Amino acid sequence: MKPTDDRQFPAALATAMAVRFDYADGKTGVDFEPFPAFLSAAETTDWFQAWTGNSELDGNDFRVFGQDGTGGYAAIWLIRPSRPLAEQPVVFLGSEGETGVVARDLGDFLWLLADGFGPWEAATSYEPDWNARANPELAAIAEGFAPNQRRSAATVIELAAQEFPDFDDTIMELCR
């Protein structure tokens, strides 16, 4: 797919990524470290080839913007031809092979963050003692950039899974 945008954060993403994410010892915090900018095309390709074990791939369909503590990446997945970054889904590709579409678009992702979830928490359910803690600062950002998309994290995750049920299979088919 031909990229439709350059590697500049959309304003909504830049604003949200400027917020500090508190890990809070993993009990109520978010395991997410935003990057100040998207990874370069070369860095994204290196990562995607290493993640899949497939040196024939490039990373052109992803804009990586952050990671969890183990090195799993959060990215915008350029799957909707000719649509801007803000209208593309947000995905997570974990260091242990976890995959998931965590939000259908940037507006939904903002509300996911506002409800106290990061990409890792949205894509996995490995921590039974973890409890989300809503973030008022991120809620204000979501309200400012996506006021008509207000929904709970559970709904954001469910809608993303419904729209992209084959994401894991698609990615696993690329692996060697």
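The model is predicted, with a mean pLDDT of 92 over the chain. Its secondary structure amounts to seven helices and five strands, and its radius of gyration of 15 Å agrees with that of a compact globule.

**Confidence**
- A pLDDT of 70 or more is reached by 95% of the residues.

**Overall build**
- Going along the sequence, the elements follow the pattern α-β-α-β-β-β-β-α-α-α-α-α.
- Taken along the principal axes, the box filled by the C-alpha atoms is roughly 45 × 35 × 30 Å.

**Helices H3 and H5**
- H3 spans residues 106-114 and H5 spans residues 136-145; their axes lie 8 Å apart and the packing angle is about 160°. Because of that angle, H3 runs roughly antiparallel to H5.
- The crossing of H3 past H5 is left-handed.
- On the H3 side, the contact is made by Leu110, Trp111, Leu113 and Ala114. Their partners in H5 are Leu138, Ala139, Ile141, Ala142, Glu143 and Phe145.
- By class, the contact of H3 with H5 has nine nonpolar residues, one charged residue and no polar ones.

**Helices H2 and H7**
- The axes of H2 (residues 41-52) and H7 (residues 167-174) come within 8 Å and cross at roughly 90°. The two helices, H2 and H7, are therefore roughly perpendicular to each other.
- Phe48, Trp51 and Thr52 are the H2 residues in this contact, and they meet Ile171, Met172 and Leu174 of H7.
- Five nonpolar residues and one polar residue make up the contact of H2 with H7, with no charged residues.

**Lys27 and its surroundings**
- Lys27 sits in the loop that links helix H1 (11-17) to strand S1 (33-34).
- Leaving aside residues up to four places away in sequence, Lys27 touches Asp129, Trp130 and Asn131.
- Lys27 and Asp61 are 34 residues apart in sequence, and their C-alpha atoms are 33 Å apart in space.

Methods. Residues numbered from 1 in each chain as written. Predicted model: local features only at pLDDT ≥ 70, side-chain atom pairs only at ≥ 80, totals over all residues. Heavy atoms only, no water. Axes fitted to C-alpha atoms, helices over the stretch in contact; angles between N-to-C directions. Helix = DSSP H or I, 4+ residues; strand = E, 2+ residues; numbered from the N terminus. Parallel < 35°, antiparallel > 145°, perpendicular 65-115°, else oblique. Left-handed = near helix turned anticlockwise from the far one by under 90°. Contact = heavy atoms within 4.5 Å. Nonpolar A, V, L, I, M, F, W, Y, C, P; charged D, E, K, R; others polar. pLDDT = per-residue confidence, 0-100. Rg over C-alpha atoms; globule rule 2.2 N^0.38 Å.
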